[in-house]
Amino acid sequence: VTSSNSTSSERRQPAAMSKKDSAAARKAKKPALDLQRWVGAPVTVKFTGGRECTGVLRGYDTLCNLVLDDCRETLASADDDAAAGGDG
C-alpha cells in the first residue's frame with residue numbers, strides 16, 4: 001500500500017483570473033514599438049499633414065504617447081511633401 005501526501009480532494013485547481021486581474025493583464029501589453037533604446041536621444045516624429053516635431057525623448061507609454069523635451073515643431077514644405085508621395 002502506497003500512501004500519498006495529498007488526496008484528490010486536497011489538490012488545488014489554479015484560481016480563475018478575476019475581472020480586475022484580466023483588466024490589469026490587458027493594460028500591461030507590450031508597447032507597439034520598443035522605444036526604450038531611444039529614451040534620452042534626439043528623435044523626430046512625423047505627423048500626417050506635414051508637421052514634424054524634433055526633441056529629446058523622455059518617455060512613452062503602450063499607446064505610443066510620447067514625451068519630448070526641447071521640442072521644436074516644423075511644418076514640412078509642399079516640395080518635401082510631394083517628394084514623399086503626399087497629397088500636398
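1. A search of the whole structure turns up zero disulfides, a disulfide being a pair of cysteine sulfur atoms within 2.5 Å. Take Cys53. The closest cysteine sulfur to its own is in Cys71, 4.0 Å away, and that is too far for a bond. Cys53 is buried, at 11% relative accessibility. The cut-offs are these: buried is under 20% relative accessible area, exposed is over 50%, and partly exposed is in between, with a 1.4 Å probe and protein chains only.

2. Basis of the note. This is a predicted model, in which local features need pLDDT of at least 70 and side-chain atom pairs count only at pLDDT 80 or more, while totals for chains, interfaces and linings use all residues. Residues are numbered from 1 along each chain as its sequence is written, and side-chain values use heavy atoms, with hydrogens and water left out.

3. Cys64. This cysteine sits in the loop between β2 (51–60) and β3 (66–75). Strands are DSSP runs (E, at least two residues), numbered from the N terminus. Cys64 is partly exposed, at 29% relative accessibility. Check its backbone: phi is near 70°, a positive value in a residue other than glycine. Most residues other than glycine have a negative phi.

4. Asp70. Here is another backbone to inspect. Asp70 is not a glycine, yet its phi is positive, at about 50°. Asp70 belongs to strand β3. Its relative accessibility is 67%, so Asp70 counts as exposed.

5. Salt bridges, the count. The structure holds two. The criterion is a side-chain nitrogen of Lys or Arg within 4 Å of a carboxyl oxygen of Asp or Glu.

6. Glu73 and Arg51. Their side chains meet in a salt bridge, 2.8 Å from N to O. Glu73 lies in strand β3 and Arg51 in strand β2, so the pair ties together parts that are 22 residues apart in sequence.

7. Arg58 and Asp69. This pair also forms a salt bridge, with the closest N and O atoms 2.9 Å apart. Distant parts of the chain are linked: Arg58 is in strand β2 and Asp69 in strand β3, eleven residues apart. Arg58 counts as partly exposed, at 45% relative accessibility. Asp69 is partly exposed too, with a relative accessible area of 36%.

Notes:
Helix = DSSP H or I, 4+ residues; strand = E, 2+ residues; numbered from the N terminus.
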